[in-house]
Amino acid sequence: MNRMEKVAAVHIASVLALVLSSLLLHGGNTQDTEGLRNSKQTSGGHNGALMVVPNEEELQEDDEDDNGVVSVELDDYDDEDLEVFYPTKEWQRIKPGQAIPAGLHVSIDLTTGEKRAKLLDDDDHTKEKEEDISSRYMKWKDGDRQGMVNTKNKYFTASELKDALKKFKADQDDVSAAGQQKNVKDQYRSYDELKDILQQMHVDVETDTEIMQKLLLAYTEEGSSGDMRLHVLTELEYHVHQIDNAQNLIELGGFQLVILALNDSNSDIRAEAARVLGAAVQSNPKVQIEALESGAVPTLIRFVASDSSTAVRKKALYALSTLVRHFPLAQLRFLQQGGLSCLAQLFGDPNATTLRIKAVTLLHDLMVEQINVENLSPDNPTNMEKKKQYEKVPLLQMMVEAGWCQLIPTLLDSPDHDTREKVLRAMITLFTPCHNDYKSTETQQQLSVLRGEYQALVVEEKPEDSGDDYFSLLLSLVDEISTKMS
């Protein structure tokens, strides 16, 4: 058989195959068609996609076999899925009811109503983007039916099918995530919606910033009473515990108002202003800097040392403590402004027992802070910068010079176990420069009394087996000092 005859044979086979495909897909009225339909049902319910593939070897002149090869492939798509539009870079007519992928150029002839579509031009999609999976595999949807087509080929290879399925699943996940987000939005109302609803119920809803603005207006209002100003400060103290609110107070101009209130003639207002300041600067570097630049350190030191009100002195020491913690520049300013001398004066005031304990606690915490910074790894540039800043704060040296080696042990006679713990820890931290002062007869006697007391308490503590070995801890602190001195 010559080449032309072979091609004709293959063409005839193709026509016969298309007829058979039509019968398989669309059905017929003859008995043969019914038989084919029954055959289709018994083969597992798959729709047939019939494809005629000529054998290239048989088109060669020296091939002796005269038959083309006809193959039938089964897939899981409905017969309507075979009408999916396969886009190319050329305009193609869209058949009525035919599903097309998204992202195509579509044109409509307004005269005939004919629709055509093609892939986007290179100006809209670069070659790299065309090769990307998101552009190579395009999704189509027709009612409840959806699928994906390969824009480069009418069929999928095994690897292409794997990529397409991954993209299809990813798209489904995106849709699911979007649906969940929509469900959350549908389930909960926005702040603005809630505000409108509450306003309709005559309930006023305000942000913290709006509340603080009103408080500041009430404080500065002409004729405002002392009770009103005290109330405003109390409300502000509640709000500035939040870092953002404390920083917003600066922007509103309220922080300077608090600084001015420290010098009010009313001691209650001075005390409350110090409490607001302490709450605002706590663990809040931006506000700490603002307080330092506003001159808060010398003002607070003066209050601790000499204010006539014990409440003001306590609140001032609280504010001073929160201001200088983890802020080496403020600690340096504290030392330069005579802060150690101010705190030392508390040991000569019989009414300042609580203040003395708070002062020792503060100094101990600052010493531990410096020790922790010294032990930071030098590999981190931030750690090195911290070390440089703390090296400029000669806390330990100035404490020794101010006589704190003699002052701290005097608190060992406190009846409060918590106070004793803080004093013992401070003594251990200062031991190297202060060990000669600890050898005094009075200090040795106090340590001996504490050792005997805690030995007895430890014996009572053991049978209870409560898991709280607090007295054992205190005894170990006493023993540590004694061991170092021996």
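For packing, I took contact to mean heavy atoms within 4.5 Å. This is a predicted model, so I kept local features to pLDDT of at least 70.

Entry one: helix α13. I looked up residues 296-306 and found Ala296, Val297, Thr299, Leu300, Ile301, Phe303 and Val304 buried. Their packing partners are α10 (254-261), α11 (267-281), α12 (285-293), α14 (310-324), α15 (328-336) and α16 (339-345).

I counted 13 of them. I then went through a few pairs.

Asp307 bridges to Arg270, with the closest N and O atoms 3.3 Å apart. Asp307 sits in the loop between α13 and α14 and Arg270 in helix α11, so this pair ties together parts 37 residues apart in sequence. Asp307 is buried at a relative accessible area of 12%, and Arg270 is buried too, at 10%. I also noted a network in which salt bridges with shared partners join Glu237, Glu272 and Arg275.

Arg229 pairs with Asp264, the closest N and O atoms being 2.8 Å apart. Arg229 belongs to helix α8 (residues 226-239) and Asp264 to the loop between α10 and α11, 35 residues apart. Asp264 is buried, with 16% relative accessibility.

Arg93 reaches Glu114 at 3.6 Å between the closest N and O atoms. Here strand β3 (residues 92-93) is tied to the loop between β4 and β5. Arg93 is partly exposed at 47%, and so is Glu114 at 34%.

Entry three: the surface. Val106, Ile108 and Leu110 make a nonpolar patch there, with about 350 Å² of accessible area together. Ile108 is in strand β4 (residues 105-108).

Definitions and conventions: Residues numbered from 1 in each chain as written. Predicted model: local features only at pLDDT ≥ 70, side-chain atom pairs only at ≥ 80, totals over all residues. Heavy atoms only, no water. Buried < 20%, exposed > 50% of the residue type's maximum accessible area, 1.4 Å probe, protein only. Helix = DSSP H or I, 4+ residues; strand = E, 2+ residues; numbered from the N terminus. Patch = residues over 30% accessible without salt bridge, like charges linked within 9 Å, V, L, I, M, F, W, Y side chains within 5 Å. Areas by Shrake-Rupley, 256 points an atom, 1.4 Å probe, with all protein chains shown as cover. Salt bridge = Lys/Arg side-chain N within 4 Å of Asp/Glu carboxyl O.
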